[in-house]
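Subject: Structure handover

Hello,

Here is the structure I promised to pass on. Please open it beside this email while you read.

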Amino acid sequence: MVELIGMSTVEFGIVPLGAPMRLTPKHGFWIFDESRVVVETINTELSFDTADDLDLYGRTWDRLNESAAYGARAHRIIARARHLIAPS
């Protein structure tokens, strides 16, 4: 993942533990080219492409993005986590 940071086509954010969040989604999702959303739950994968679903997940992403760290701050969070989990 770390090697992706800095690529012009990738924006990588980290939501730090303890960050204030307006919303906490209960499942993972991916937005592809603002044309499709793939949602993974514990037992299935769903794909949505309607304007309403894209808008819903777009708003959800915006809320998560408000709490995310980017750039140097994201690098520091990743480095700290790697240090904490590195074998002694």
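Below is what was found in it, from the overall fold down to single residues.

This is a predicted model, so local features need pLDDT of at least 70 and side-chain atom pairs count only at pLDDT 80 or more, while totals for chains, interfaces and linings use all residues. Residues are numbered from 1 along each chain as its sequence is written, and side-chain values use heavy atoms, with hydrogens and water left out.

Overall fold

The chain has two helices and three strands. Their order from the N terminus is β-β-β-α-α. Helices (H or I, at least four residues) and strands (E, at least two) are DSSP runs, numbered from the N terminus. The chain is more spread out than a compact globule, because its radius of gyration is 15 Å, well over the 12 Å that the globule rule gives for 88 residues. That radius is taken over C-alpha atoms, and the rule is 2.2 Å times the number of residues to the power 0.38. The C-alpha trace spans about 45 × 30 × 25 Å along its principal axes.

Of the 88 residues, 19% count as buried. Buried means under 20% relative accessible area, exposed over 50%, and partly exposed in between (1.4 Å probe, protein chains only).

The largest pocket

The largest pocket holds about 820 Å³ of space. Its lining has 22 residues, and the closest to the centre are Glu11, Phe29, Trp30, Ile31 and Trp61. Strand β1 (28–32) and helix α1 (51–67) are the elements that give two or more residues to this lining. By type, the lining residues are 13 nonpolar, six polar and three charged. Ala, Val, Leu, Ile, Met, Phe, Trp, Tyr, Cys and Pro count as nonpolar, Asp, Glu, Lys and Arg as charged, and the others, Gly among them, as polar.

On terms: a pocket is an open set of points on a 1 Å grid over the protein atoms alone, where a 1.4 Å probe fits, with protein on both sides within 12 Å along at least five of seven lines; lining residues have an atom within 4 Å of a point. Points are joined across faces, edges and corners, and the volume is the space filled by probe spheres set on them.

Two residues to look at

Thr60 lies in helix α1. Thr60 is buried, at 12% relative accessible area. Beyond its neighbours within four places in sequence, Thr60 is in contact (heavy atoms within 4.5 Å) with Leu23, Pro25 and Phe29.

Phe32 sits in strand β1. Phe32 is partly exposed, at 36%.

Best wishes
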